[in-house]
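Here is my note for your first reading of this model. Please keep the 3D view open and follow the points in order.

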Amino acid sequence: MVGTGSSASPSPQPSRFSPAELRRARWSVAAVFCIHGAVTGNFATRIPWIQEHTGISPGQLGLALAFPAIGASLAMPLAGRISHRFGARTALRGLLALWTLALILPALSPGLYVLCPVLLLYGATAGMSDVAMNALGVETENRLDRPIMSGLHGMWSVGALLGSAAGTVAAHAGTDARLHLGGAALVLTALGALACQGVLDLRSSPEEHPPPRFALPPRSALVIGAVGFCAVFAEGASLDWSAVYLRDALGTDAGLAAASTTAFACTMAAARLAGDRVVARFGAVRTVRVGGVLATAGGLLIVAARHPAMAMGGFALMGLGIAVVVPLAFAAAGRSGPAPSQAIAGVATITYASGLIAPSAIGGIAQATSLTASFALVTLLAFGLVVGAGVLRVPGRETRRHLAAPASDAKQP
């Protein structure tokens, strides 16, 4: 985001934030991540209701569900400009409110021709608020001078699990999705407004030029985004296809197959929540490199599996290995040049694209060959984390710890 004094402006005066304010900002932005995830979790559980209500076929539903990623990719570059104009806190408050309120729209759609543009708008608000909260997370991490991004993304996963649990209860009770999602939207909007009160109130300096409305991501973001692409591809493939893999490739019953997806999601959430301590001790590069080795080993177990337990262990290793990559990619993007918001938007766009491509790519390869061959590709991309981990290096963090406090405060991320 934030061209909010966070980036190139010469004097954002971070020293005005006391340790207590920074601690409050950390937990506030963590709450924002949790709320953002809760929107996704609530929506995902009501997709069957929306399909039935609109009367669309599975193929039409697949088409409609591509529109959130398209909307996010188109709108993400606007987040930096909005933050530049209104300041980080106000921009995040507004963008998060748009995202939480957008939760009600899909359930109100009468058919495909309304659902597609609605989901485009839904995705656009998701993408802009995603960039805004990640940029503020990077800013907070820089001022605390210790890793917090993995934990923030862990809170997003916690929010998604809580939202999906609420949605599951509502669906099991037969609650109309318009009532459920409308109530969830109002509650999450109120909680979001409260959470945003504590985030850092960063503003651009008067002489700083606003970021462009649309611009190609900088080269640094493309390189960092390529690492994020590998991780998100593996994540999307595992989440969407792990149950199918166990059922079709290994003949597992439906209940155990579904449990593999839940186990993968829980492994990722737990690893992200614990990831900051690991990164603080071993550094971003070593953490991702070891994670890449674990993910590659997990992929090999999946491909070689002849028993469900072996494949489930492989998916668990995959989740453990890729868990911290995306948070660290956002953090690296925020420090990669004079325009953090543009770099973060670029990385976010690449990772969103990966999440969009992965499920269909796995299906296409499986159709042409087999699911085993599909996950051989996933394993190869997981090994890409080992090769590309170096681009996530945090320059100068250890050096900054030894600088005098005023100098540290004045240094730009």
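1. Start with threonine 296. Its side chain reaches the backbone nitrogen of phenylalanine 383 at 3.2 Å. Bear in mind that this is a predicted model. Threonine 296 sits in helix α13, which covers residues 284-304. Set aside its neighbours within four places in sequence, and threonine 296 is in contact with Thr379, Ala382 and Phe383.

2. Is threonine 296 buried or exposed? Its relative accessibility is 12%, so threonine 296 counts as buried. The cut-off for buried is under 20%.

3. Now find arginine 46. This residue lies in the loop between α1 (19-45) and α2 (47-54). Arginine 46 is buried, yet it has no salt bridge. Which side chain of opposite charge is nearest to arginine 46? That is aspartate 176, and it is 6.7 Å away. A salt bridge would need a side-chain nitrogen of Lys or Arg within 4 Å of a carboxyl oxygen of Asp or Glu.

4. Arginine 46 does have a polar partner. Its side chain and that of histidine 180 are joined by a polar contact of 3.1 Å. Not counting residues up to four places away in sequence, arginine 46 touches Gly167, Ala170, Ala171, Thr175, Asp176, Ala177, His180 and Leu181. Aspartate 176 is thus on the contact list of arginine 46, although no salt bridge is formed by arginine 46.

5. Look next at aspartate 145. Its phi is positive, about 60°, although aspartate 145 is not a glycine. Where does aspartate 145 lie? It is in the loop between α8 (112-144) and α9 (149-172). Aspartate 145 has a relative accessible area of 14%, so it is buried.

6. Check the cysteines. A disulfide is a covalent bond between the sulfur atoms of two cysteines. How many disulfides does the structure hold? The count is zero. Cysteine 34 counts as buried because its relative accessibility is 16%. Cysteine 266 has a relative accessible area of 39%, so it is partly exposed.

7. Finish with the whole protein. It has 19 helices and zero strands. Of its 413 residues, 53% are buried. Take the contacts with a separation of 6 or more: residues 24 or more positions apart account for 85% of them. The accessible surface comes to about 16,900 Å². Carbon and sulfur atoms hold 67% of that surface.

Definitions and conventions
Residues numbered from 1 in each chain as written. Predicted model: local features only at pLDDT ≥ 70, side-chain atom pairs only at ≥ 80, totals over all residues. Heavy atoms only, no water. Helix = DSSP H or I, 4+ residues; strand = E, 2+ residues; numbered from the N terminus. Buried < 20%, exposed > 50% of the residue type's maximum accessible area, 1.4 Å probe, protein only. Lys, Arg positive; Asp, Glu negative; His and termini not counted. Polar contact = N/O pair within 3.5 Å; in protein donor to acceptor, adjacent residues only side chain to side chain. Contact = heavy atoms within 4.5 Å. Disulfide = S-S within 2.5 Å. Areas by Shrake-Rupley, 256 points an atom, 1.4 Å probe, with all protein chains shown as cover.
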